[in-house]
Amino acid sequence: MIRIEYLEVQYGRQPPALTIEQLSIKRGECVAIIGPSGAGKSTLLRTIKGYVRPVHGKVEVMGVNLATAGRRDRMRVHRKVGVIYQQFHLARRLTVLQNVLCGRLGQARFWGRLGSLVGWFSVEDRRQAWSAICEVGLRPQVHQRGDTLSGGEQQRVAVARAVAQQPVIILADEPVSSVDPAWAEDLLALLTDVQTHHQATLVMSLHQPQLARRFAHRIIGLRQGRVVLDCDPASLTEVGLKELYRGSDVISLDGTTSRPGTGRTRTA
Ligand code: ADP
């Protein structure tokens with residue numbers, strides 16, 4: 001489903017943000033990417049989406065080599081890869097339904113796309129949007145404006161928008177970092193339910209290893225742009241985490257954070 005070989009990604013003249021020799025993610029996998037801030041988690045997701053062009057190497061998504069494929073194939077992949085961002089990226093003045101319909105933009109062919117740009121969505125677009133809204137439990141809020149929703153509800157809209165794309169792959173960049181911790185588990189449960197229901201591949205970056213361990217089937221640890229850990233959740237140890245977060249705040253498996261050298265801990 002996703003195959004990366006000899007990848008190097010660099011921003012300007014900075015040291016490489018990503019250096020990955022081999023990484024494969026199979027169809028239907030649920031993968032959490034963890035690692036300290038600046039490790040390259042977002043860059044990896046953006047590279048898979050095709051937003052970042054590697055300096056070297058191959059990124060193959062749904063059998064399409066993003067560097068060499070024509071526009072048509074790249075668009076086919078683009079349409080089937082849904083993205084959920086930390087900051088939700090909703091249109092605040094639009095309703096839940098209108099926001100979710102935005103997930104249908106780009107699904108249609110030229111005339112349909114033109115129509116959807118001026119607010120004419122097809123019956124199929126509306127059916128998919130309604131179905132996605134019901135799936136995330138937001139039917140009562142369907143006509144409510146984005147900016148009147150709680151953080152957790154806004155992120156549900158973002159999940160529905162990705163679902164309306166009928167995605168083959170869902171990329172979630174720190175999906176629960178901006179929601180109340182009490183809602184984080186509910187949201188991840190929803191996200192993994194959606195992934196199972198649609199038999200999609202889910203790749204999410206998470207700041208909390210304890211959530212990664214609970215919700216993902218596979219954990220990939222990035223440090224300074226390199227994969228230093230790739231294991232199943234049961235094999236994730238405190239020692240492995242300490243090594244992964246060496247030099248920065250270490251987050252333990254119980255969710256506490258400790259600052260190196262201070263001996264102080266706090267609950268994440
Ligand atoms: P993470 O998601 O793990 O916090 P990022 O992928 O955001 O890490 O960043 C990896 C590295 O790339 C960092 O050193 C960061 O400063 C750099 N970086 C990320 N995005 C950009 C950008 N748009 N321009 C320049 N440097 C960037």
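Here is a short chat about a predicted model of a protein with a ligand.

Me: What kind of model is this, and how are residues numbered?
Reply: The model is predicted, so to speak of local features a pLDDT of at least 70 is needed, side-chain atom pairs count only at pLDDT 80 or more, and totals for chains, interfaces and linings use all residues. Residues are numbered from 1 along each chain as its sequence is written, and side-chain values use heavy atoms, with hydrogens and water left out.

Me: Which residues are around the ligand?
Reply: Among them are Y11, Q14, G38, K41 and R46, where a residue is near if one of its heavy atoms lies within 4 Å of the ligand.

Me: Which polar side-chain atom lies 3.3 Å from a nitrogen atom of the ligand?
Reply: One belongs to Q14, and an N or O atom in the side chain of R46 is also 3.3 Å from a ligand nitrogen; a polar backbone atom of G38 is 2.7 Å from a ligand oxygen.

Me: Switching topic, how many helices and strands does the protein have?
Reply: The protein has nine helices and 13 strands, counted as DSSP runs (helices H or I, at least four residues; strands E, at least two) that are numbered from the N terminus.

Me: And what does the C-alpha trace span?
Reply: Along its principal axes the trace spans about 60 × 45 × 35 Å.

Me: How much of the protein is buried?
Reply: Buried residues, meaning those under 20% relative accessible area (1.4 Å probe, protein chains only), make up 49% of the 268 residues.

Terms used:
A polar contact is a pair of N or O atoms within 3.5 Å; within protein, one must be able to donate a hydrogen and the other to accept it, and residues adjacent in sequence count only if both atoms are side-chain atoms. Buried means under 20% relative accessible area, exposed over 50%, partly exposed in between (1.4 Å probe, protein chains only).
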